[in-house]
Amino acid sequence: MKYFEKPVSRLARIYESSYGNHTVIKNLIKEIDKGVGKLNYETNVKAQMTTFEYFMNNKYFLKFIKDISPEFENYITNKLQIALKLKNAWGIKMNGKQDHVIEHNHDHSTNSISGILYLTGHGPGTHFPELNHSVKENTGKFVLFNSFLMHSVQKSHLKKNRYTISFNFEEYAEWK
């Protein structure tokens, strides 16, 4: 488990940990294979991808979220002193054809949190230029970070498919 914190324009946080339920991971890969199509190469993700809401009600993804919630609550929401709710979750499949993800952020408020779950462990990782930090991929690793942080995935000549799920949490207020 790693935790990075560095002031940029605002205090930026990256939290890395791992998830060990391989049954959930294998099923999530199958779900991505079923769901890719409509947004392939159409967004900042220059690879195959599902819709942005594809995993919102997926039982395997929701199990992952439930399983990591103690870590999430201890290391993220308590530091921010806010309540968060899942906004969206989508799958990405890179298949070695120079697929990549263009540098971007998820452009939410300071209190929004984004995440990536790595379902395979042989990709190029995710680079966060503002922190000069690259996340090394391992199967089951997940990373939580401030949504305003820029990040990207470099082009790679993968010999195997690279699978990830990206997701966003937004600040929850009862009146919303």
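This is a predicted model: local features need pLDDT of at least 70, side-chain atom pairs count only at pLDDT 80 or more; totals for chains, interfaces and linings use all residues.
The largest pocket has a volume of about 240 Å³. Its lining comprises 22 residues, of which Trp90, His104, His106, His151 and Ser166 are the closest to the pocket centre. Two or more lining residues are contributed by each of the strands β5 (84–94), β6 (100–104), β7 (113–118), β11 (151–153) and β12 (162–171). The greatest contribution to the lining of the largest pocket comes from β12, which supplies 4 residues. By residue class, the lining of the largest pocket consists of 13 polar, 8 nonpolar and 1 charged residue.

Strand β12 also contains asparagine 168. The relative accessibility of asparagine 168 is 3%, and this residue therefore counts as buried, the limit for that class being under 20%. A polar contact of 2.6 Å joins the side chain of asparagine 168 to the side chain of histidine 106; His106 is itself among the residues closest to the centre of the largest pocket.

Threonine 43 is located in the loop between α1 (22–35) and β3 (45–46). With a relative accessibility of 16%, threonine 43 is likewise classed as buried. A polar atom of the threonine 43 side chain lies 3.0 Å from the backbone nitrogen of valine 45. When residues up to four places away in sequence are not counted, threonine 43 touches Met49 and Phe52. Between threonine 43 and isoleucine 102, the C-alpha to C-alpha distance is 8.9 Å, although the two residues are 59 residues apart in sequence.

Technical notes: Residues are numbered from 1 along each chain as its sequence is written. Side-chain values use heavy atoms; hydrogens and water are left out. On a 1 Å grid over the protein atoms alone, a cavity is a set of points where a 1.4 Å probe fits but cannot get out, and a pocket is an open set with protein on both sides within 12 Å along at least five of seven lines; lining residues have an atom within 4 Å of a point. Grid points are joined across faces, edges and corners, and a volume is the space filled by probe spheres set on the points. Ala, Val, Leu, Ile, Met, Phe, Trp, Tyr, Cys and Pro count as nonpolar, Asp, Glu, Lys and Arg as charged, and the others, Gly among them, as polar. Buried means under 20% relative accessible area, exposed over 50%, partly exposed in between (1.4 Å probe, protein chains only). A polar contact is a pair of N or O atoms within 3.5 Å; within protein, one must be able to donate a hydrogen and the other to accept it, and residues adjacent in sequence count only if both atoms are side-chain atoms. Contact means heavy atoms within 4.5 Å.
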